Amino acid sequence: MVGRNDPCPCGSGKKYKKCHGGIQQATSVSDLVRDELFKVRQQFFSEYPNRSQLQEFRQLQQEWQPRLMQSMDETDAQAFVIENFLFSEKPELWQEFIPKQTDLAQRPTTKEVLASWTNVQLFLGQFIGGNEQSGQLRDAFTGDTYTVTDEPPTDMEENQGLIAILLPDPRAGENGRLFLNGYLTIVGDFVQFFEEFNAAVAEAGIQNGAEYLASHYLNTVELAVQFSNRSTKEEKIESELTPEQQAVLDELAKHVATSDFDDETAAKVTGMLSDYLVNEQPAVLKSETLAAGFWRFLQDQEIIAGPQLTQKELSEKFGVSTGTILKRSKEFNAFFGARPTAQQK
């Protein structure tokens, strides 16, 4: 037990009775440190970008904010643009800011944590478990595991992906980390997302995924949000479809798998058929019938490229009569003609 005349354990140098011993409702030192660290981060975002950087920031904002707002709300889009500007394009601002804050800090623990904050990490990986006290993250590039004890991501599911800017947190050990400004959850199968991410890395001609994340932070955010939105929609569709309607999608998937479609086209046509099934709720006596009519519709509207099958070839491919295929294709024409979708744009 700390005596009233002993040095206060907060590290202020004052006697306990003149410092925290005099507080009627005791606040733990760890809470005070957490509050001080939060205020440092808050202060940085309130000071930057400042007037001298405003023109450069506006250029980035004009390029990226409308683009991101196609997938997220304006507030989130602006926050990501600011993060990119300050930590990808102007990292020297943080590197100049933190030593000054370290010198100003009074508590030894606060000073220790701040001194480590020059090591900023752009993170892409997974939440691999935890509780309200701590959470564990695994880096997708290195496999390293980090521990978060300061506001761990308690709302995340195990193995769910995330993008974040991490700072060292010596309070949680050598591999302790904390979030600079929250995190972006990646909804859906992270393995599938990481495959799409690696495809983007390869297309950019960059060998290292971590390097791509640093130089294409907003591209990665955009990819993650689009993937999450698509996954959410697919989960919703799956919950709304009857087994018979799901069989139609499975029949389509079987033929898509044997065709030379790129990933974008495959996702587009699957989404269109799902949209039709959910909204029209057609009676499904034979899954091949709807799949065949949809395939003809896709050909007629030139939504899919490649060799165009004749009526006879379509009939043989799906095992459905040509007359039935024509009838079903007209139903798809009527639906999408009267109700244009994002997939048709």
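Is Asn159 buried, partly exposed or exposed? Select Asn159 and take a look: at 39% relative accessibility, Asn159 counts as partly exposed, since that class covers whatever falls between under 20% (buried) and over 50% (exposed). Bear in mind as you click around that this is a predicted model.

**Stop 1: two loop residues with positive phi**

Stay on Asn159 for a moment. Asn159 sits in the loop that links β3 (145–148) with β4 (160–168). Check the backbone here: phi of Asn159 is near 70°, which is positive although the residue is not a glycine.

Now jump to Glu302, in the loop between α11 (287–300) and α12 (311–318). Here too phi is positive in a residue other than glycine, with a value near 55°. Glu302 has a relative accessible area of 69%, so Glu302 is exposed.

**Stop 2: the domains**

Colour residues 120–227 as domain 1 and 243–337 as domain 2. Their C-alpha centres lie 38 Å apart.

**Stop 3: the largest nonpolar core**

Next, show the side chains of Trp94, Trp117, Leu124, Phe193 and Tyr217. These are the residues that touch the most other members of the largest nonpolar core, which has 49 residues. Helix α8 (residues 217–240) gives this core its largest share, 7 residues.

Zoom in on Tyr217. Ignoring neighbours within four places in sequence, Tyr217 is in contact with Phe80, Glu83, Asn84, Ser88, Leu122, Ile163, Ile165 and Tyr212.

Apart from this core lies another one, of 29 residues, and Val248, Val284, Trp295 and Phe332 are among them.

**Stop 4: Phe332**

Phe332 belongs to helix α13 (residues 322–338). Its relative accessible area is 0%, so Phe332 is buried.

While Phe332 is selected, draw a distance to Gly143. The two are 189 residues apart along the chain, and their C-alpha atoms are separated by 47 Å.

**Stop 5: helix α1 and its partners**

Two packed helices are described by the angle between their axes and the distance between the axes. Select α1 (residues 29–47) together with α4 (residues 91–104): their axes are 11 Å apart, and the packing angle is about 135°. α1 and α4 are therefore oblique to each other, and their crossing is right-handed. For the side of the contact that belongs to α1, show Val40, Gln43, Phe44 and Glu47; these meet Leu93, Trp94, Phe97, Ile98 and Gln101 in α4. You have met Trp94 already, as one of the residues touching the most other members of the largest core.

The axes of α1 and α5 come within 9 Å and cross at roughly 40°. That angle makes α1 oblique to α5, and this crossing is right-handed. In the contact, α1 supplies Val33, Glu36, Leu37 and Val40, while α5 supplies Thr109, Thr110, Val113 and Leu114.

**Stop 6: a cis peptide bond**

Finish at Pro49, in the loop between α1 and α2 (54–68). Show the backbone between Tyr48 and Pro49: the peptide bond there is cis, with omega near -5°.

Conventions:
Residues numbered from 1 in each chain as written. Predicted model: local features only at pLDDT ≥ 70, side-chain atom pairs only at ≥ 80, totals over all residues. Heavy atoms only, no water. Domains from an automatic or database assignment. Core = buried A, V, L, I, M, F, W, Y, C linked by side-chain atoms within 4.5 Å. Buried < 20%, exposed > 50% of the residue type's maximum accessible area, 1.4 Å probe, protein only. Helix = DSSP H or I, 4+ residues; strand = E, 2+ residues; numbered from the N terminus. Contact = heavy atoms within 4.5 Å. Axes fitted to C-alpha atoms, helices over the stretch in contact; angles between N-to-C directions. Parallel < 35°, antiparallel > 145°, perpendicular 65-115°, else oblique. Left-handed = near helix turned anticlockwise from the far one by under 90°.
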